[in-house]
Amino acid sequence: MHISEGVLSPPILISGAALAILGTAVGLRKLDYEKIPKTAILSAAFFIASLVHIPIGPSSVHLILNGLMGLLLGWVAFPAILIGLLLQAILFQHGGLTSLGINTVIMSVPAVTCFFVFKTGAGSHRFWVSMTSTFLCGFCSVLLGNLMAAVALIFTGEAFVAVARVIVAAHLPVMIIEGIITAICVRFLKKVKPEMLEVIYD
Amino acid sequence: MINSDTIRDKILFNNLRYILVFMLFFILATASSVKAHKVYIYAWVEGDTVHVESYFSKTRKVNEGLIQVFDTSGTKLLEGRTNKSGEFSFALPKKTDLRIVVGAGTGHRNEYILEGEETPEGSGVAAGPGKTTDETAVSPSPIQADTEHIRIIVEQVIEARLKPISRELAEIRREKGPGLTEIIGGIGYIFGIMGLIMYLKGRRKKR
């Protein structure tokens with residue numbers, strides 16, 4: 001889901017960057033002092049997650065963890081993902097500096113959207129409601145991110161349906177794995193460190 | 001006031017413990033498979049042929065990736081697609097710096113600059129049209145023909161000798177995925193940024 005440098009045209013890159021700045025500004029406003037260490041942990045987790053490869057058939061895909069970030073951070077997922085992506089671009093040459101904005105949008109917008117859609121369900125005291133909601137949060141964040149990447153790529157001349165199909169098909173296992181990871185992480189944190197989940201109860 | 005400060009310190013301390021656990025977990029998880037999801041491209045010259053190889057990882061090559069070759073002024077010289085093992089070869093079109101771009105679809109793109117100096121001196125292109133090979137080297141005087149023959153033979157021998165070395169060089173120069181240095185460095189940066197933001201926010205709070 002990292003779009004490389006030189007693939008997209010300037011108007012898309014600029015509008016992506018503008019949206020990313022907007023989201024990051026909102027995120028930074030919502031970032032209180034006590035949330036900073038948690039944000040840093042998740043940013044670091046996101047930074048490394050892209051190196052965790054899951055071999056599936058002939059190809060391999062990597063974790064994204066944007067659903068988990070959304071659920072634990074809400075709007076703050078924006079700055080956290082931005083910093084993770086910036087360092088991935090500089091140190092791993094994943095994506096690129098010019099496509100940093102659009103990549104941030106592709107991963108953060110689904111994170112924040114899924115946060116608002118699933119937070120009530122995730123905070124539920126009923127085991128299965130909470131598990132299903134967190135699973136769906138992880139699943140849908142990746143799915144939505146893929147669709148957004150496909151939208152961004154239409155303007156490069158690649159046909160939307162074809163691109164979307166390729167990306168979504170390649171990421172289907174990731175969606176399932178992310179869903180499971182998100183569900184397990186949230187379940188674990190609920191038992192061990194419920195303060196980490198304060199955003200979903202706000 | 002003191003009370004709220006100690007509470008904050010406690011929260012920070014608790015969080016730091018979890019930071020360490022998370023870091024350890026991720027380092028262990030990634031240590032076994034450190035590779036990036038990025039398309040790599042590498043090109044090298046052998047005689048008059050340029051070989052391009054493009055791959056996602058050691059075992060996963062770019063199949064049917066679009067390769068485009070540009071010269072220094074940006075005009076497209078040729079294009080083609082990689083085969084199943086991620087390879088594409090073409091005859092050296094010009095003895096200048098070549099910009100070789102691979103597009104592997106769905107937003108993956110990378111390029112490699114093949115410098116003019118990398119193309120061996122006296123390769124077919126440098127000698128201009130009418131390739132200087134054994135059969136075309138028709139010289140008027142016998143002495144000149146002799147030196148010409150020697151030149152060609154020496155060149156062939158050198159090329160054969162250098163082949164394994166240039167292969168090895170190509171292998172060394174080939175881009176590797178990120179290593180442990182980059183990973184730990186990146187995590188360090190993130191916590192550095194965290195410290196900076198905390199410092200700034202903390203100062204504002206005190207005022």
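A crossing of two helices is left-handed if the near helix is turned anticlockwise from the far one by less than a right angle, and right-handed if clockwise. Keep that in mind for the exercises below.

The model is predicted, so local features need pLDDT of at least 70, side-chain atom pairs count only at pLDDT 80 or more, and totals for chains, interfaces and linings use all residues. Residues are numbered from 1 along each chain as its sequence is written, chains are lettered from A in the order in which they are written, and side-chain values use heavy atoms, with hydrogens and water left out.

**Exercise 1. Describe how helix 3 and helix 5 of chain A pack.**

Step 1: Two packed helices are described by the angle between their axes and the distance between the axes. Axes are lines fitted to C-alpha atoms, for helices over the stretch in contact, and angles run from 0 to 180 degrees between N-to-C directions. Helices (H or I, at least four residues) and strands (E, at least two) are DSSP runs, numbered from the N terminus.

Step 2: For helix 3 (residues 66-73) and helix 5 of chain A, the angle is about 60° and the axes are 7 Å apart. That makes helix 3 of chain A oblique to helix 5 of chain A; angles under 35 degrees count as roughly parallel, over 145 as roughly antiparallel, 65 to 115 as roughly perpendicular and the rest as oblique.

Step 3: The crossing of these two helices of chain A is right-handed. Helix 3 of chain A makes the contact (heavy atoms within 4.5 Å) through A:N66, A:G70 and A:L71, and helix 5 of chain A brings residues including A:M107 and A:F115.

**Exercise 2. Find the nonpolar cores.**

Step 1: A nonpolar core is a set of buried Ala, Val, Leu, Ile, Met, Phe, Trp, Tyr and Cys residues joined through side-chain atoms within 4.5 Å. Buried means under 20% relative accessible area, exposed over 50%, partly exposed in between (1.4 Å probe, protein chains only).

Step 2: The largest core has 65 residues, and A:I3, A:L8, A:F47, A:M69 and A:I81 have the most contacts inside it. Its largest share, 9 residues, comes from helix 5 (residues 100-122) of chain A. A second, separate core of 21 residues includes B:I41, B:F56, B:Y112 and B:A170.

**Exercise 3. What is the secondary structure of chain B?**

Step 1: Chain B has 3 helices and 7 strands. Along the sequence the pattern is α-β-β-β-β-β-β-β-α-α.

Step 2: Of the 207 residues of chain B, 32% count as buried.
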